[in-house]
Amino acid sequence: MSQDLFQAPDYYQLDELLTEEHILVRNAAREWVKREVSPIIEEFAQQAKFPISIISGLAEIGAFGPYIPEEYGGAGLDQISYGLIMQEIERGDSGVRSTASVQSSLVMYPIWKYGNEAQRQKYLPKLASGEFLGCFGLTEPDHGSNPGGMTTNIKDMGDYYLLNGAKMWISNAPFADIAVVWAKNEEGRIKGVLVERGMEGFTTPETHNKWSLRASATGELIFDNVKIPKENILPNKDGLGAPLGCLDSARYGIAWGAIGAAMDCYDTALRYAKQRIQFGKPIAGMQLQQKKLAEMITEITKAQLLTWRLGVLKNENRATTAQISMAKRNNVDMAIHIAREARQILGAMGITGEYSIMRHMMNLESVITYEGTHDIHLLITGMDITGISAFK
C-alpha cells in the first residue's frame, strides 16, 4: 500500500471563496479518501472489483444525497458542498465517484423531486445511509445519445404496469437494491419507474472486461414482463425532461469530480519531477517539464474558477443545462489531457499501479463519454448560443 501524499493545489487562493462549512465538508472527504480509498483502490482496480466495504464511509461523509433535506436522511448541504465532495472522491477514483454520483443525482434526486411523499419516506433515508444502493436506467443498447428513442416500455394492466426492455452501461447495476428506470407508456410518454431487486423478471448481469472504471460495478438491467405496482411510478414529472433534469445534477457533480482527478495527476507528476534526477538535476528543472506542469496548474485553476461560479449559480437555481454542459465538457477534457501529460512526466513508471495516473487516465476515457459525450456537450453549447439544433 502506497502512502497518500496528496497536497491540493490552490494557485489562486480559491479557498477564500469557500465558507467555513465548505472547507470542513471538503476536508472531511479528503481525509476519508486518504485513509480509506487510496490504500486499497489500486488493488481493487487491478482485480476489477468494487470495494463494497467503503459504502458506509461514503454515507458517513455525506456523499449520498448531500443536498437532500435532513428530514429524508440527507445532509442538507448546498451545491458547492456537493461538488467539493465529488471532487475529493474522484481524486481517489472516478469509479467510486460514479457510485456516489449515481446514488445522489440519478436515484435520490428524482425520488426527491419527482416522487411523492410516500416514495420519499420509503427510499431516501435508506439510500442516504447506504442501506440501499441505487442505479439509473436510461441508456439502451441502441439508444445512447438519443435517449428519446428508447424502446423500454410499460403497459397498463389495470392493477399494475408490465415493464419490458433493457438498459446497459448502468453503474451500480450488479448490486443495486432499487433502479430508477425510464420507460415509455402506451402513449409514448416517458415515465420514471421504481424497480426493486427481487421483482420477478428483473435481472442485472454484470459487464466484464472493462479497461476503464475497473473499480466500479457496471451492468445491464433486463426487464422481462416485470410487474410494477402503480405506486412505483414517479408521479410529479414525466417526459424526456425528467431524466435530463437528473443528468444536469449528475453532470454538475462530474464537472467538480474531474478536477479531483486532474489535481491528483498534477500533484503526482510535480512530486515525481522534483525527485527524479536526470542529467544531474531534477527533471522539474527541465524547460519542457516545467511547460507541462505550468500548463497543468493553469488549466486546473481555470476549471476551479469555472466550477465555483457554476456552483454559485446552482445554489441560486440559475444554472442552465448549457452552462452545466460547458463545465462538464471543459473539465473532463482538461483532466484527461493532464493525465496524459502527467503520465509522460513519469515515463515508464507512469503506466504502473504504483502511481494513480494510468488508472485516472483509463477512468477518464469513460467519464468523457458518459452522461453526454464530449461532442454532444459541444452541440448543447452550440444550440444554446445559436438557437439552432444540430442534433437532427
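Which element gives the most to the lining of the largest pocket? Select α6 (241-275) and you have it: α6 supplies six residues there. Before going on, note that this is a predicted model, where local features need pLDDT of at least 70, side-chain atom pairs count only at pLDDT 80 or more, and totals for chains, interfaces and linings use all residues. Numbering runs from 1 along each chain as its sequence is written, and side-chain values use heavy atoms, with hydrogens and water left out.

**Stop one: the largest pocket**

The largest pocket holds about 1,200 Å³ of space. Go for its centre by picking Thr139, Gly144, Ser145, Glu371 and Gly372, the closest to that point among the 42 lining residues. Then colour the elements that give two or more residues to this lining: α4 (94-114), β3 (160-171), α6, α8, α9 (357-367) and α10 (374-386). Helices (H or I, at least four residues) and strands (E, at least two) are DSSP runs, numbered from the N terminus. By class, the pocket lining has 18 nonpolar, 18 polar and six charged residues. Here Ala, Val, Leu, Ile, Met, Phe, Trp, Tyr, Cys and Pro count as nonpolar, Asp, Glu, Lys and Arg as charged, and the others, Gly among them, as polar.

A word on the grid: it has 1 Å spacing over the protein atoms alone; a cavity is a set of points where a 1.4 Å probe fits but cannot get out, while a pocket is an open set with protein on both sides within 12 Å along at least five of seven lines, and lining residues have an atom within 4 Å of a point. Points are joined across faces, edges and corners, and a volume is the space filled by probe spheres set on them.

**Stop two: the cavity**

There is one cavity of 30 Å³ or more. Select Lys292, Glu295, Met296, Glu299, His337, Ile338 and Glu341 to see the lining of the largest cavity. The lining divides into two nonpolar, one polar and four charged residues.

**Stop three: over to α10**

From Glu295, jump to Asp375: the two are 80 residues apart in sequence and 24 Å apart in space, C-alpha to C-alpha. Asp375 sits in helix α10. Is Asp375 buried or exposed? Asp375 is exposed, with a relative accessible area of 53%; buried means under 20%, exposed over 50%, and partly exposed in between (1.4 Å probe, protein chains only).

**Last stop: Tyr11**

Finish at Tyr11, in the segment before α1 (20-47). Tyr11 is exposed too, at 57% relative accessible area.
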